[in-house]
Amino acid sequence: MLLQRILPHASQGRAGFFVSAAPKTLAMRWKLAAQPKDTRFTSWKPLITTRRSQDASPVALNYVTVPGTNADLNPLVFVHGLFGACGNFRSIMKQCSTLSKGERAVYSLDLRNHGESPHSNEALGPDAMAEDIFKFVTDHDLNSVILVGHSLGGRAVMTTALKHPDIVAKLMVVDMSPASFTGAVEPSSELLAVGNAMLHLPLARVTTRQEGNEEMKALLANEGIRQWVLQNLVVRDGKASWRLNIDGMMRNFDSVLHFDVEHCGLQYNGPTTFLHGTKSDRVSEARDGPL
């Protein structure tokens with residue numbers, strides 16, 4: 001079973017990472033460590049940036065959970081990607097709970113501006129999301145957790161591990177690198193197209209989910225992506241709206257995706273696994289360095 005192959009790796013490999021400073025710039029380097037089977041690791045070249053993070057007050061995140069019976073086991077916390085929601089992990093949450101025979105508590109979070117979590121235009125990127133995750137862990141007295149982040153969620157959990165290593169027992173980053181996508185060809189371009197489609201859906205003409213799907217066909221031809229996006233569409237009393245803060249995110253799209261390397265000198269040395277598909281455009285050998 002995939003989960004049985006993946007989860008043990010988080011306790012075997014130690015692929016910590018750190019951020020170091022250079023005059024007037026910031027550089028990020030990765031340590032290359034053990035390479036468990038089915039997992040691809042990359043030795044990253046320095047990423048130079050002068051960008052600074054936005055200060056933001058943390059928000060209380062919405063979540064779903066499968067309770068555990070053994071408080072001594074580190075809870076498992078899933079964090080979704082851009083335009084996703086906590087419900088994306090319902091199936092795998094149940095599988096993880098089953099693997100632990102119901103002993104390990106499993107959580108899945110709605111990031112800020114997603115799902116049922118609060119909307120905020122104050123700050124929208126992984127740095128603010130990391131503070132929200134820290135607030136969630138401390139507010140629920142979870143002490144130390146296993147963080148699993150997919151895509152944008154991967155950046156959020158990496159930032160959390162850098163800023164608050166004491167609350168991260170283990171870390172797994174799925175289909176995401178720490179590189180800022182600033183080249184001519186960016187994986188963010190597809191996400192930008194999806195976001196623009198959501199932004200331009202004529203909500204005033206949508207009174208049912210079926211009508212929303214029909215209107216969306218002209219904006220998003222891919223059936224799978226369209227149905228995934230429409231999970232965010234809410235229709236109540238014949239009026240349609242987006243569950244997520246699509247206006248705010250599209251106005252600040254670059255900030256939402258940006259992996260902040262301002263945290264120079266910070267380092268996370270805990271057990272870490274990076275998992276990605278060999279055809280993934282989120283982790284590119286050509287863009288980010290040789291594998």
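These entries record what I looked up in one predicted protein model.

**Basis.** I worked from a predicted model, in which local features need pLDDT of at least 70, side-chain atom pairs count only at pLDDT 80 or more, and totals for chains, interfaces and linings use all residues. Residues are numbered from 1 along each chain as its sequence is written, and side-chain values use heavy atoms, with hydrogens and water left out.

**Overall.** I found eleven helices and twelve strands in the protein; these are DSSP runs numbered from the N terminus, helices being H or I of at least four residues and strands E of at least two. Of the 291 residues, 51% are buried (under 20% relative accessible area, with exposed over 50% and partly exposed in between; 1.4 Å probe, protein chains only).

**Helices H7 and H8.** I looked up the packing of H7 (residues 209-217) on H8 (residues 223-230): the angle is about 135 degrees and the axes are 11 Å apart. Axes are lines fitted to C-alpha atoms, for helices over the stretch in contact, and angles run from 0 to 180 degrees between N-to-C directions. From H7, the contact takes in Arg209, Gly212, Asn213, Met216 and Lys217, and from H8, Arg226, Gln227, Val229 and Leu230. Contact means heavy atoms within 4.5 Å.

**Leucine 203.** I located leucine 203 in the loop between helix H6 (188-199) and H7. Leucine 203 is partly exposed, at a relative accessible area of 25%. Beyond its neighbours within four places in sequence, leucine 203 contacts Leu233, Ala240, Ser241 and Trp242. For alanine 240, I noted a separation from leucine 203 of 37 residues in sequence and 5.6 Å in space, C-alpha to C-alpha.
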